[in-house]
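Morning, everyone. I have one model to show you, and I'll keep it short.

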Amino acid sequence: MSLSAVRALVRNDLRIYRTDRRALLIGILVPILVAAFFGYVFGGNGSSADPGKIPIAVVDEDHSEVSRDIATDLGKDPLLAVRVLSRTQAQAQVRAGKVQAAAILPKGFADSATKALFTSRDKPQVRLLVDPSQPTSARIVQGLFAQYGMQEISKAAFSGTAGQTALSSGLDWVNRATAEQVPDRNELKALLDAAQTLTTRNAKSADGKSALQRGLSIPYDVASTAMTSAQSVPYNGYAHSFAGMTIQFILFTGIDAGVLLLLARDRGVWQRLRTAPISKAQFLLAKALATTLIGMFQFIVVYAVAFMVFHVRIEG
């Protein structure tokens, strides 16, 4: 086997690759850009405090303590990035895709919701403006709003003058209602009497507030643990995306090399090689070596950018 002939063919293929700007662009720049985009979408390198937050808007037309507390609770949630806007601004931003959902708390929301907690009458309507292309985000926002809304409404209902007023109004309605209007009239009256007694007594817990004064919340805690391939190694979205994109574009290089082999046969290159002191095996070996070197070059350059710019580390 003539190694000098193989080296000459490899050098020729590398020279052609070096002068092909399209191949350099597709093989190096494109995987870097695509990997950077997907790495950012999937959480970045873990150093950001707010990866993947859902942008939403809250429109507070009630301007009550309850509505302000709900907006504050939503703003503290790690899943959400909350903006307090007017109704017109919220509609415009949802249409423009700048926020994925907007919750509108109407005027009188706190009073109506507090009273409806005991009687289920005259419930206020909260409008949720959603981006139809983000249905999952809309459902997440709806669930979180239900959680924080119930907490703040129940807190208002069982403490302060608002709670006393709501309970008194509920008791008056139950006392005036007939058995046909309220089948469980006696049970509901007993419940409201007990709630009023608790609120009036204002029982204190060890930390200075009763459980009812803190509001009703979900009766369990969820502890989530990120499971990565290696213990004590935080997940890095860039490491994930750069690995995938690098391999994908190296495979593209292999496909391109196979297509070039077919073109060489169709264009008669293989026929002309018969006149040269080189066999088909040497020709195929040279093509395989050249493709391998090109793939290694792409891998080194792409991962050099990943190491230096995106702080990717190979932990395995």
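Start at His311: partly exposed, with a relative accessible area of 47%. The cut-offs: buried is under 20% relative accessible area, exposed is over 50%, and partly exposed is in between, with a 1.4 Å probe and protein chains only. His311 sits in the segment after α12. Its phi is positive, about 55°, although it is not a glycine. Most residues other than glycine have a negative phi.

A word on provenance. This is a predicted model: local features need pLDDT of at least 70, side-chain atom pairs count only at pLDDT 80 or more, and totals for chains, interfaces and linings use all residues. Residues are numbered from 1 along each chain as its sequence is written, and side-chain values use heavy atoms, with hydrogens and water left out.

Next, His63. Phi here is near 55°, again positive in a residue other than glycine. His63 lies in the loop between β1 (54–60) and α3 (65–76). Buried or exposed? His63 is exposed, at 59% relative accessible area.

Now the whole chain. It has 12 helices and four strands. Those are DSSP runs, numbered from the N terminus: H or I of at least four residues for helices, E of at least two for strands. Of the 316 residues, 34% count as buried. Take the contacts with a separation of 6 or more: residues 24 or more positions apart account for 75% of them. Contact means heavy atoms within 4.5 Å.

On to a helix pair. The axes of α1 (residues 3–19) and α2 (residues 21–41) come within 5 Å and cross at roughly 80°. Axes are lines fitted to C-alpha atoms, for helices over the stretch in contact, and angles run from 0 to 180 degrees between N-to-C directions. The two helices, α1 and α2, are therefore roughly perpendicular, a label for 65 to 115 degrees. Tyr17, Arg18 and Thr19 in α1 meet Arg21, Ala23, Leu24 and Ile28 in α2.

Last, the largest pocket. How much space lies in it? About 780 Å³. A pocket is an open set of points on a 1 Å grid, where a 1.4 Å probe fits, with protein on both sides within 12 Å along at least five of seven lines; lining residues have an atom within 4 Å of a point. The lining takes 29 residues, with Ile16, Asp256, Ala257, Leu260 and Lys287 nearest the centre. α10 gives the most, 10 residues.

That's it from me.

Conventions. Parallel < 35°, antiparallel > 145°, perpendicular 65-115°, else oblique. Points joined across faces, edges and corners; volume = space filled by probe spheres on them.
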